[in-house]
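Below is a short report on strands and helices. Look at the model first, then read on.

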Protein chains: 2
Amino acid sequence: MGNAGGWSSEALVPVVVNEYSGLTGKGAFRVEAACATGSAAVKAAADAVAAGVADIALAVGVEKMNESPTPIVVEFIGRAGNYFWEFENFGLTFPGYYALYATYYMQKYGVKEEDLCEVAVKNHYYGSLNPKAQFQRRITVEECMKSRYIAWPLKLYDCSPITDGAAAVILASEELATKITDSPVWIEAIGVSTGTANLSKREDYDGLKAARIAAQEAYKRAKLDPENIVKQIDVADVHDCFTIAEIMAYEDLGFAKRGEGVKLIREKQTYVGGLIPVNVDGGLKAKGHPIGATGVSMAVEMTKQLLGKAESGRQVTVKNGRGLAHNVGGTGHYCYVTIYSLSKPKG
Amino acid sequence: MGNAGGWSSEALVPVVVNEYSGLTGKGAFRVEAACATGSAAVKAAADAVAAGVADIALAVGVEKMNESPTPIVVEFIGRAGNYFWEFENFGLTFPGYYALYATYYMQKYGVKEEDLCEVAVKNHYYGSLNPKAQFQRRITVEECMKSRYIAWPLKLYDCSPITDGAAAVILASEELATKITDSPVWIEAIGVSTGTANLSKREDYDGLKAARIAAQEAYKRAKLDPENIVKQIDVADVHDCFTIAEIMAYEDLGFAKRGEGVKLIREKQTYVGGLIPVNVDGGLKAKGHPIGATGVSMAVEMTKQLLGKAESGRQVTVKNGRGLAHNVGGTGHYCYVTIYSLSKPKG
């Protein structure tokens with residue numbers, strides 16, 4: 001059960017979900033890794049199945065963020081950086097954190113606010129094709145540029161929204177999975193990492209080291225060539241909590257070289273039909289970002305895409321039979337990279 | 001990382017622990033299952049190792065409850081029952097919950113307040129022999145009986161305290177464990193279960209069904225005879241958040257028949273040298289109950305006991321080479337029963 005918690009008065013969400021699902025008596029616990037909570041829940045369920053202690057496990061992600069007033073939500077999310085120094089002393093909230101990255105990236109690589117807006121335009125476009133997306137309306141670069149600043153250079157349309165939402169996936173052992181479905185999707189590998197609590201201790205500010213470590217670990221476990229990753233996967237969901245985060249993710253995941261991630265969005269290479277379609281479900285930006293649900297929702301989306309069940313206009317071509325989910329907690333405090341595959345992992 | 005959270009302003013405890021431990025870059029997440037949080041953390045770490053995705057894992061339990069004012073702590077714990085009905089509408093907090101069980105048990109089985117106090121006397125006695133215990137002072141039945149009522153029939157000395165504390169255990173794969181230590185202690189089995197959110201939906205009130213399910217699952221996995229469990233284990237830590245809870249645990253775990261748990265404490269059979277020594281580290285009652293740390297602390301205690309490293313006067317005789325930890329979240333909303341063993345589990 002992935003649930004960051006704190007928004008709702010209900011403390012025992014897994015117990016309530018178990019009771020409503022007729023699963024009382026079955027073991028459960030809550031997992032939390034800030035905005036990567038959902039992927040941590042998928043990992044905990046996958047580990048239990050791989051360990052042989054469960055034949056079947058349910059990973060649920062759920063968040064109701066709209067029960068609290070917006071300033072409380074902003075404060076609560078803000079604490080998921082470095083609380084004592086950066087939040088309490090400097091007043092950094094998440095738009096502020098990612099504005100630091102955006103400023104650094106723009107200055108270093110000659111990137112403009114319009115480039116960031118292109119990410120929002122893409123993700124709103126795909127949100128309009130996804131009936132489950134929070135935002136169904138397409139936007140233009142001009143609209144994005146005219147939206148108000150939240151934390152310069154990030155504007156309203158550069159930011160993911162506050163969302164209520166839930167997602168669930170069922171994980172089963174190889175033996176059981178082949179019995180209960182003709183079209184299983186396999187977890188080929190999961191890479192996990194953490195970053196320093198303090199941003200001041202990071203080595204650089206144009207990417208997230210935890211994401212690079214998690215990606216390399218996932219690629220190694222799945223025996224993928226990290227130099228050539230876009231030719232081995234068909235689709236990716238990345239953690240676009242802010243538009244700059246999607247561009248950094250392109251580079252941290254090896255879809256582009258350092259400083260060249262922006263080219264992918266400029267050249268529309270992350271649209272369906274491009275080099276590597278990214279967030280063609282709308283992403284956090286337009287599908288929404290119900291914190292504990294996001295990583296689980298990525299698992300649902302990778303499954304839909306690999307099985308060819310995504311809605312018209314946003315279904316990718318499945319050649320390699322492999323999708324990637326990249327889920328970040330805090331500003332790279334936690335990172336999970338999960339490889340989903342149509343082929344059963346070897347060994 | 002087991003941390004129920006909510007007391008401290010720091011949201012990313014696992015990230016901070018990783019950074020201070022020189023483990024930045026390694027994967028981490030927070031696990032929560034109310035007062036069974038620590039055991040859930042041990043299980044998550046054990047699953048990762050058993051799944052083969054980690055050779056070594058660190059399960060840390062930590063809670064700083066004294067940073068919040070006591071009424072906030074009482075409210076926060078109170079929410080770990082059934083929030084919307086029982087807490088919000090009836091004002092039930094945890095002493096109230098367990099007072100319901102105590103009242104029922106006393107009426108049904110002819111048990112007196114003095115009997116409950118005997119549990120406190122035992123656990124304070126062993127707390128006085130454990131340098132890590134929060135309470136180092138022995139008490140008498142008379143002192144317990146004179147202490148003020150918190151929720152009739154439970155008095156101050158029937159209740160576990162508010163505690164700051166932490167505990168950690170390292171779990172490793174069989175191959176690595178045999179390299180890094182000459183005296184490994186093995187996790188033979190873990191049984192997990194949940195109960196209904198609402199107390200009104202429980203079948204009975206003289207025990208916790210989730211504990212019985214978890215125990216049976218653990219015994220089955222460890223191939224133990226549930227009818228004869230006291231002859232197969234040497235020591236147990238059980239979840240004595242209130243004195244009545246320890247007596248119910250005797251029965252839920254099969255140390256005594258229904259209604260006969262009280263005999264064990266009357267006859268001092270759960271002291272060192274008795275039929276089955278229970279909470280000879282002081283238990284939650286006297287060692288303290290730092291919520292997220294408690295289950296991990298039980299793992300530490302079982303390890304110490306099995307290796308013969310407990311302090312003088314509280315070391316049990318190790319014959320079967322097996323210890324049991326019973327950790328409850330809420331009022332049987334979560335339950336974890338973990339069997340620790342000197343012998344490597346078969347199969």
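Two strands count as paired if DSSP finds at least two bridges between them; strands (E, at least two residues) and helices (H or I, at least four) are DSSP runs numbered from the N terminus. This is a predicted model, in which local features need pLDDT of at least 70, side-chain atom pairs count only at pLDDT 80 or more, and totals for chains, interfaces and linings use all residues. Residues are numbered from 1 along each chain as its sequence is written, while chains are lettered from A and ligands numbered from 1 in the order in which they are written.

S7(B) and S8(B) belong to an open sheet of 4 strands with mixed pairing, in the order S6-S9-S8-S7. Strands S6 (186-194) and S7 (235-237) of chain B are at the edges with a single partner strand each, so one side of each has no neighbour in the sheet.

Strand S2 (residues 56-64) of chain B runs antiparallel to S5(B), joined by 9 bridges. The table gives one residue pair from each pairing.

| Residue | Partner | Strand of partner |
|---|---|---|
| B:Asp237 | B:Ala325 | S8(B) |

In chain A, helix H6 (residues 113-127) and helix H10 (residues 243-252) pack at about 90°, with axes 8 Å apart. Axes are lines fitted to C-alpha atoms, for helices over the stretch in contact, and angles run from 0 to 180 degrees between N-to-C directions. H6(A) is therefore roughly perpendicular to H10(A), a term for angles of 65 to 115 degrees.

Methods. Parallel < 35°, antiparallel > 145°, perpendicular 65-115°, else oblique.
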